Amino acid sequence: MERKIILENIEIEGIRSLEVYRQNGGYKSVAKALKTMTPDEVVAEVKTSGLRGRGGAGFPTGMKWGFIDKKSNNPRYLVCNADESEPGTFKDRYLLQHIPHRLIEGMICSAYALGSNKAYIYVRGEFKAIIGILNEAIKESYKAGLLGKNILGSGYDLDLHVHTGAGAYICGEETALLESLEGKRGNPRLKPPFPAIKGLYDCPTVVNNVETLANIGWIVNNGGEAYSKIGIGRSTGTKLISACGNINNPGVYEIEMGLTVEEFIYSEKYCGGVKGGKELKAVIPGGSSVPILPKNLILNTLAGEKRLMSYESLSEGGFISGSMLGSGGFIVYDEDACIVRNTYNFSRFYHHESCGQCSPCREGTSWMESVLHRIENGQGKMKDIDLLVSIAAKIEGNTICPLGDAASWPVAAAIRHFRSEFEFHVANPEIVKNVKHGSLEKYLENSTVTVE
Amino acid sequence: MFKVTIDNKSIEVEQGTTILQAARLIGGDVVPPAMCYHSELKNSGGKCRTCMVRVAQGSTADPRPMPKLVASCRTEVMDGMVVENLTSPQVVDARKAVVEFLLLNHPLDCPVCDQAGECDLQNLSYENGSNESRFEEEKPQPMHTLLPLCVCS
């Protein structure tokens, strides 16, 4: 099931430049959309395609576009969210670095569909090299008449700007991104009103992920119907998965939705199995925010079916026995990985990145971090484990933006599936202090310590 | 005029009124506590999360409940809205959680604090807090709390 939509032609040398990109069929969709289709027809094609947001939440893109306030006399904006900061996710960076025109092509079609004459790409501040690449690509497009006034003689104008963030994770949340784009501190806004009604400068705005927008060109060229046939069920199309961790071939892969997780991990075409011939221990399938799953639950669902790489299959069983596809940051852990240390690392990240405006997230993330720091360093108590579960449950759902949920899910899931490992850390502070990595089974095999 | 029901008590209010303002018009136990909202401060509120309530019915036109608890100080009422404050165990639990979070890094020097006795935070924790703290880490030195309405110094 190999099919390339976004990374098509990526192996061609010089595809980063406009000339080579156009020689290989690039920007055909722009001419098609602007000259032969009305904006509503483009929106209709995207609705038919069943394309879902690739940033993590998986909200249908066509539906999101449909929410935009058409009655408003204010200008409309399209914003591309390239603030990819989720630990474990690096798919957008790869796409922008190698084939930036794929995004610009998709953005022209999308902006046309939304009736927007100004679009922004909000790039993460750390992506210094990519900002240069994007600016270069935009300059080429302006010269070729693909951006600016009267694009390809169609009478449609579009200005595209690159805006650089300053490296805050929270600015990947769409309303915080808009605040940051306006020049303010990146604090998420209270919703409603949603950005489709009151977004950038209080004007109707659509914020989409890089990968989502990169799909639009193909959908315009080949039709929504053709796109909806790729993939499985409601998870249509392909997905970029950034695989990392203890695997033989880390990297970015484009897969058709519906591939089994087992094949993705063990096939030579993809991850190529666990590094060093070790045993698979756990997988985080969608970036650090989504729940971690142990080997038996990531390969098969609780009902015994093979788990597939799709929105539905990965979330089957809810958070009891499932996870989420999320942003596609596929992190694999081998038998020697320490889940407690990993969870502490994540909670430290979320504490650092919490914007601090609402109390459950500001106080809760720092509390979770200090409790996990205690456990990791051999000063934990048994009641701390239940305390962590309780804190996570109290943050979840009580915050302004999803960062609170994202901080609590990994902690709750790690304890749900690897409770014995946390207990081992509490019961054996000496071992924990001296040995930083290694799994519970290995400690037990090599020593006489027993867990009570 | 919009009709809104909070904890089984109904009132008719103007369009654009928030749930908190409507609750204050009813008065009594239905008023959720609010620590970061002040009616005179533009765009205040929504941050401390103590005023969260459950919207059991969005409006007469769209009777679906809201999926999450909402900050009553920033949510405007709709016609026929049904709101649960103390009648919802979920709200009571969430409020207890928020109070616990608010007190985590608060010095709790009430016995020697000038504000004691006239302190909204003290009242809030008296009504919704727990007698025991689960926070074992070192508390920071006395500092201003991050809530604008709390003036203990």
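**Figure 1. Helix H7 of chain A and the glycine after it.** Gly145(A) follows H7(A) and has a positive phi, near 80°. This is a predicted model: local features need pLDDT of at least 70, side-chain atom pairs count only at pLDDT 80 or more, and totals for chains, interfaces and linings use all residues. Residues are numbered from 1 along each chain as its sequence is written, while chains are lettered from A and ligands numbered from 1 in the order in which they are written. Helices (H or I, at least four residues) and strands (E, at least two) are DSSP runs, numbered from the N terminus.

H7(A) covers residues 128-143. Its 16 residues should span 22 Å at 1.5 Å a residue, and the end C-alpha atoms are 23 Å apart, which agrees. The expected span is 1.5 Å times one less than the number of residues.

Figure 2. The arc is that of the directions from the helix axis to the C-beta atoms. A residue is buried if 20 or more other C-beta atoms lie within 10 Å of its own, exposed if 12 or fewer, and partly exposed in between; C-beta atoms are placed from the backbone.

An α-helix has 3.6 residues a turn, so residues three or four places apart point the same way.

**Figure 3. His101(A) in helix H6.** His101(A) sits in helix H6 of chain A. It has 23 C-beta neighbours inside 10 Å and therefore counts as buried. Leaving aside neighbours within four places in sequence, His101(A) is in contact with Leu18(A), Tyr21(A), Gly26(A) and Ala137(A). Two residues are in contact if their C-beta atoms, placed from the backbone, lie within 7 Å. Glu173(A) is 72 residues from His101(A) along the chain, and their C-alpha atoms are separated by 24 Å.

**Figure 4. The buried face of helix H2 of chain A.** H2(A) covers residues 28-36, and its Ser29(A), Val30(A), Ala33(A) and Leu34(A) are buried. Down the axis of H2(A), the buried residues fall within an arc of 115°, so they line one face of the helix. Their cover includes helix H3 (39-49), H6 and helix H9 (210-222) of chain A.

Figure 5. Most residues other than glycine have a negative phi, and most peptide bonds are trans. A cis peptide bond joins Lys191(A) and Pro192(A), with omega about -5°. Another cis bond joins Pro192(A) and Pro193(A), with omega about 5°. Pro192(A) is in the loop between helix H8 (174-181) and strand S4 (205-209). Pro193(A) lies in the loop between H8 and S4.

Tyr201(A) also lies in the loop between H8 and S4. It is not a glycine, yet its phi is positive, about 50°. With 12 C-beta neighbours inside 10 Å, Tyr201(A) counts as exposed. Asn150(A) is in the loop between H7 and S3. Its phi is near 50°, a positive value in a residue other than glycine. With 10 C-beta neighbours inside 10 Å, Asn150(A) counts as exposed.

**Figure 6. Where chain B meets chain A.** 19 residues of chain B are in contact with 14 residues of chain A. Helix H2 (residues 89-104) of chain B gives the most to the side of chain B that touches chain A, with six residues. By class, that side of chain B has eleven nonpolar, two polar and six charged residues. Ala, Val, Leu, Ile, Met, Phe, Trp, Tyr, Cys and Pro count as nonpolar, Asp, Glu, Lys and Arg as charged, and the others, Gly among them, as polar.

**Figure 7. H16(A) against H2(B).** The axes of helix H16 (residues 359-376) of chain A and H2(B) come within 9 Å and cross at roughly 65°. Axes are lines fitted to C-alpha atoms, for helices over the stretch in contact, and angles run from 0 to 180 degrees between N-to-C directions. H16(A) gives Ser359(A), Pro360(A), Glu363(A), Gly364(A) and Trp367(A) to the contact, and H2(B) gives Ala97(B), Val98(B), Phe101(B), Leu102(B) and Leu104(B). By class, this contact has seven nonpolar, two polar and one charged residues.
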